[in-house]
Amino acid sequence: MISNYFCVHAHSYQPSREVPLTGVIPSETGAVPFSNWNERIHAECYRPNAELGNFSHISFNIGPTLSRWMSSHDSDTFRQIVAQDASNVERFGVGNAMAQAYNHTILPLASRQDKVTQVAWGVADFRHRYGRLPQGMWLPETAADLETLSVLAEQGIQFTILAPWQADQEDIDVTQPYRVSLPEGRSITVFFYHAGLSAGISFNPSLTVNADRFAGGDLLSHYSPEKIRSGEPQLILLASDGELYGHHQPHRDLFLAHLVNGAGKKRNLFATYPALWLKQHPARRSIGIRDKTSWSCHHGVERWKGTCLCTSVDVSWKTGLRSTFDHLSKEIDNLYLQTVNRWIPDPWGLRDRYIQVMLGDVPIKDLLAECASKQLLEAQITQFSMLLEAQRERQRMYTSCGWFFDEFDRIEPKNNLAYAAQAVRLTKRATGIDLAPAVLHDLSIVPAPATGPHPDQVFRDHLTRLTQT
Ligand SMILES: [Zn+2]
């Protein structure tokens, strides 16, 4: 009887690298011989894994900003990936692709309203690309709190994957998923990945040289002997960045292909994925989670707003950047609500549905006509469209990569400031009200980063470039 299962989850993601105004990715010298990192990682990892059929044997999510880039850069590969999920739906009734909250925002640091939008956009993006509703959703950096999990469940998400230290108790049994109770009688299932093996495959290349050795040695040794004896099915889940397989470590696309196709089976270890597992083995035990925790470090979500114990230099710019953005968001939201309120009974519902316009599925005029309580003038349609575009940029400026590294002098935090500048410009064009002085005031008190320009200079430069066009 088969009782030992394993699941490889690949979290594939790239931040949006496009300059907001042009939509073009600037060339990145580190990525040679390719013109930017997206292209290089695609050639080394996403495409070969798709060609090997790996996306049909693992659990995976591809972040919406990456899906969008990939489906225009190499639509054949993206189609192959979608088809590999569809083949599982056909065979087992459930697919293996997971959705992701849209902008890779650290959701525990976001307002409830923003959580709702990020999840709604993630669900809609998934549906657009995979032609079905998602059952599972990957949380950026697996950052979670009870409110985030509640928002997932409210939108029909049945499960997510977290790190074991996000559970509210130690020594949990990671060979089975748990149910987390949520307000209003809801619940969500959490799969905890195997921390030791997941870190091993991510950071210890010697572990993944030979799939037969890995399956028969490291993997096999981590199953519970009691469960093997009793024949109780058990699951070991390995979670890592998808880029591990071929980009971070060369040839691991081949390792993965052999692991899920032959090496596992030889040891009676069978590849599965969360939705399929749940169909056969619903979670039986309950657990709570620790609020504001993540997979990237053991200091909660501190690194995305300031100093954590991993930090070795002064990163107080992180705190200043986040509070500037939070202040700006409040102002943008107030102007949005004041402007649309008399015509749009549910402005946040409109924002959640704006993803349909972003995906090109619905023309803005049709969406506004559906959401407005009375006929809108042409000028109002233009004005509301700009405010919704400002909302899109204001969501994008929270991309977590902007706070991940200690250095400010990188593309990620600078891009977030570019999106903020774009949101300010669009709001001004729509309402005549200029939020730039308030942003510059907030940024002026941000301590200067250790290297590179001051954030207020970066914001000013972006704004100047935007207003010149
Ligand atoms: Zn840390």
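Visitor: Which residue lies over the face of F405, and at what distance from the ring centre?
Guide: R410 does, at 3.6 Å from the ring centre of F405. A charge sits over a ring if Lys NZ or Arg CZ is within 6 Å of the ring centre and within 35 degrees of the ring normal. This is a predicted model: local features need pLDDT of at least 70, side-chain atom pairs 80 or more, while totals for chains, interfaces and linings use all residues. Residues are numbered from 1 along each chain, and side-chain values use heavy atoms, without hydrogens or water.

Visitor: Which charged end sits over the ring of F404?
Guide: That of R303, 4.1 Å from the centre of the F404 ring.

Visitor: How many aromatic pairs are there?
Guide: The count comes to 20 aromatic pairs (Phe, Tyr or Trp six-membered ring centres within 6.5 Å; planes under 30 degrees apart are stacked, over 60 edge-to-face, the rest tilted). One of them joins W304 and F404: the pair is tilted, with 6.4 Å centre to centre and 45° between the planes. Its partners are distant in the chain, 100 residues apart. W304 is in the loop between β10 (285-286) and α11 (316-340), whereas F404 belongs to helix α16. Helices (H or I, at least four residues) and strands (E, at least two) are DSSP runs.

Visitor: Is W304 buried or exposed?
Guide: W304 counts as buried because its relative accessibility is 0%. F404 has 22%, so F404 counts as partly exposed. The cut-offs are under 20% for buried and over 50% for exposed, with a 1.4 Å probe.

Visitor: Which residues do ring pairs link into a cluster?
Guide: F55, F60, F78, F126 and Y130.

Visitor: How much space lies in the largest pocket?
Guide: About 1,000 Å³. A pocket is an open set of 1 Å grid points where a 1.4 Å probe fits, with protein on both sides within 12 Å along at least five of seven lines; lining residues have an atom within 4 Å of a point. The volume is that of probe spheres set on the points.

Visitor: Which residues lie nearest the centre of the largest pocket?
Guide: Of its 35 lining residues, E141, D241, E243, H248 and F404 do. Elements giving two or more lining residues include α1 (37-51), β8 (234-241) and α17 (411-431). The largest share, five residues, comes from α6.

Visitor: What space lies in the second largest pocket?
Guide: About 380 Å³. It is lined by 17 residues, with H57, R91, F92, A271 and L276 closest to its centre. Helix α3 gives the largest share of this lining, four residues. Elements supplying at least two residues include α9 (252-266) and α10 (274-280).
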